[in-house]
Amino acid sequence: MHPGSVFFIVLRRMRAPLILLIIVYAVAITGLTLIPGVDAEGKPAPPMSFLHAFYFVSYTATTIGFGEIPQPFSEAQRMWVTAIIYLTVIVWTYAILNILALFSDRAFQQALAAGRFKRRVAHLNEPFYLVCGCGETGGKVLSALDEMGARAVVIDIDENRLAELELEDFRSETPALVGDAAQSSNLLAAGIKHRCCRGILALTNDDAANLAVAAHVRLLRPQLPVILRVEHDDIAARMHAFGAHLTINPFATFARLLALAVHAPALYRLHDWLTGTPGALLAATRDPPRGRWIICGYGRFGHALVAELLREGMEIVLIDQHEVKAPGFTAIVGSGVEPDVLTAARVAEADGLIAATDDDLTNLSIAVTARQLNQDVFIVLRQNQADRAELFQALAPEMIMAPAEIIAHAALAQLITPLLPAFLRAAENEGDDWAWALLARLRMQLGSAVPHCWQLSIDDNMAPAVLSLLIEGREVLLAALQADPTDRSQRLATTALLLRRDDADALLPSPETPLAVGDQILFVGARKARAAQELIARNLNVLDYTLTGREASGWLWRCLGKRVADSPEADEHLG
Amino acid sequence: MNFEKVVFGFFIVLAATLNFGFFLGDIDKPEHHHIYELFAAIIVNLIATVLKFGDRTQIGAIHLATSLVADLQLIAAASVWAFAVHVTGEGMTPSVTSSVISLSGGALLANIVSLAILVAETVMMRR
């Protein structure tokens, strides 16, 4: 909506009351200038002048009422004034009520809010992410972004969800717009073309809307990273046609992770640990066993699971409301809630059970029944709604599949640290033993809570100090970024996981690696270590200290130091 | 035929004609210029202004601007009149009368521009 449109809406709505007001004033004033008055002796006097008439009507209409000025009125004047008091007061009230009604009008308030939103987005002068859709997934992404100190702008079609957002205790204010993310005007208002926009996340639960966002980004800001949630394969294919690199399908993602956990438990744990919410403690669970698995529900999630588990060579029993005819597994018709059906699927002999229907209570009930029939079965539960987390935790299943969480984690990892998914993919090629060793090493260094992952680029923006030394031709080792700035003999609690140079990735680069301009490095470590590293990368004096051990000095001391070092006497003095 | 257009055109033309009627006559002779005519011109001009509220087009903006100019000029003329009669007490001398009339002449010019826009807009519509 046009920013000035609020003003025009007010003007348009005020037309009728204003015209009525002008007419009533005109009639009242004209009457007063025609009706003769009376002077102090009771003799007829000329009527009021226009000035006096206007003055009188003005204070009478607004119910101020100074009385009969300049002199007491004649009887005829009083009759007329009685009539105009009622007329003018009613019309004034009507005009004021009209204005008040306008301000409580929904359309008007939305126009006001839209104008305010647009102004706030336009005035943003720090990097921000545009999040479309703030349901469960979007909400998680927003709080994680806020946790990391990044700004965000939100569009959601549901006013109530945005109202809930306002109640959240975010550190920075998040401009929010009620509207359809598929509409160009809304995306433009939310800053899709804003120079500070760093990335776009289309996380609505409507695949078509997410596709529309992909189209906008492709055509308006082709170089901007965009992350799309998608649950249907055909839409995903169309998104790829728009050049979208990253689409997240929560069902396929989880199925792949489950398969990973089966054939490479250490890699799975590494994945889980690195992509978790920083600071969280991961529950130590057993690894999913090979063998006989029962899957309840053959929807989108069921399909993804069956495909992955068959590839792992598992024996699959499928329970679904509808008859399923497909090669490779046994299918039983039923919901899985009834003990008969689970018994028929021989749950007592099963190694694993996945409650994969789209109904949370059905899934819970399947899990409870299965637990009664088989204490040791490995249970995977699909949790569709975030507010049921308590119930699901109470049941203590081995794994919980929550789509909102999966999308949020994957989206953030891709957006904030695009090197992390690359690292995890590369790690899969290294094998499970390598992952065990790395995991053990990292836990020794960092503890078992989920650490922070971050990325550092050797560029003017993130590491100006390193860049200036490299341009001078000095060698800067990776170790300089990992030494404690207060005591360089101590190492910061951080490890470099990946170094990307000219599109070639090096896993676990050694601290002796010399840095080059344009390097991108993925670090894992404590929050404090990250802050310290930021200081090193930005501050030339601190970098000089971690590199050479020389204490920080200002320009004057540096010049003096250079002269002393250059002069021959200095050597003698220093001995 | 659109009733809204009739009302709109009526008030714009009436504002201009009343303004013209008041302006007509010797510039320094108060008996040629009746105060009720000025009053009517002010009221009709105000109504015409309000009718022009809320049009977001370019032509709508110019329409509103001309009306605001006319209002300003006419209210200034009325203020000079009231000031001369009530505050300084000199009454409608030739000099006061001619300044009132010249102010209303300025308003007349704005009203003529408004009329021209109205005519141009109508011709453009060709319906």
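Helices here are DSSP runs (H or I) of at least four residues, numbered from the N terminus. With that settled, these close-ups walk through a predicted model.

**View 1. Leu14(B) sits in the opening helix, α1 of chain B.** That helix covers residues 3-23 of chain B.

**View 2. Val44(B) lies in helix α2 of chain B, residues 35-51.** This one does count as buried, because Val44(B) has 24 C-beta neighbours inside 10 Å. Which residues does Val44(B) touch, once neighbours within four places in sequence are left out? The list is Phe11(B), Leu14(B), Ala15(B) and Leu18(B), so Leu14(B) from the previous view turns up again. Ala16(B) is worth a glance too: 28 residues separate Ala16(B) from Val44(B) in sequence, and 9.1 Å separates their C-alpha atoms in space.

**View 3. Helices α2(B) and α3(B) pack against each other.** Their axes are 9 Å apart, at an angle of about 155°. That is over 145 degrees, and the two helices are therefore roughly antiparallel. The crossing of α2(B) and α3(B) is left-handed. On the α2(B) side, the residues that meet α3(B) include Leu38(B), Ala41(B), Ile42(B) and Asn45(B); among their counterparts in α3(B) are Leu68(B), Asp71(B), Leu74(B) and Ile75(B). What kinds of residue make up this contact? There are 11 nonpolar, 3 polar and 1 charged.

**View 4. Next along, α3(B) packs with α4(B).** Helix α3 spans residues 58-87 of chain B and helix α4 residues 94-125. Their axes come within 9 Å and cross at roughly 165°, which makes this pair roughly antiparallel as well. Here, too, α3(B) passes α4(B) in a left-handed crossing. The contact counts 17 nonpolar, 9 polar and 1 charged residues.

**View 5. Chain B from end to end reads α-α-α-α.** There are 4 helices and 0 strands in chain B. Of its 127 residues, 34% are buried. Taking contacts in chain B between residues at least 6 apart in sequence, 70% join residues at least 24 apart.

**View 6. Here chain A meets chain B.** How many residues does each chain bring? Chain A has 12 residues in contact with 13 of chain B. Three helices of chain A each give two or more residues to its side: α1 (5-13), α2 (15-34) and α3 (50-61). The biggest giver is α2(A), with 5 residues. By class, this side of chain A has 9 nonpolar, 1 polar and 2 charged residues.

**View 7. The largest nonpolar core has 136 residues.** Touching the most other members are Val131(A), Leu201(A), Ala202(A), Val213(A), Ile294(A), Leu305(A) and Ala411(A). Helix α11 (residues 250-263) of chain A supplies the largest share, 9 residues. Zoom in on Ala202(A): beyond four places in sequence, its contacts include Cys132(A), Ala181(A), Val213(A), Val226(A) and Leu228(A), plus Arg229(A). Apart from this core lies another, of 41 residues, and its members include Met48(A), Ile42(B), Ile43(B) and Ala107(B).

Note on methods
Residues are numbered from 1 along each chain as its sequence is written. Chains are lettered from A and ligands numbered from 1 in the order in which they are written. This is a predicted model: local features need pLDDT of at least 70, side-chain atom pairs count only at pLDDT 80 or more; totals for chains, interfaces and linings use all residues. Two residues are in contact if their C-beta atoms, placed from the backbone, lie within 7 Å. Ala, Val, Leu, Ile, Met, Phe, Trp, Tyr, Cys and Pro count as nonpolar, Asp, Glu, Lys and Arg as charged, and the others, Gly among them, as polar. Axes are lines fitted to C-alpha atoms, for helices over the stretch in contact, and angles run from 0 to 180 degrees between N-to-C directions. Angles under 35 degrees count as roughly parallel, over 145 as roughly antiparallel, 65 to 115 as roughly perpendicular and the rest as oblique. A crossing is left-handed if the near helix is turned anticlockwise from the far one by less than a right angle, and right-handed if clockwise. A nonpolar core is a set of buried Ala, Val, Leu, Ile, Met, Phe, Trp, Tyr and Cys residues joined through C-beta atoms within 7 Å. A residue is buried if 20 or more other C-beta atoms lie within 10 Å of its own, exposed if 12 or fewer, and partly exposed in between; C-beta atoms are placed from the backbone.
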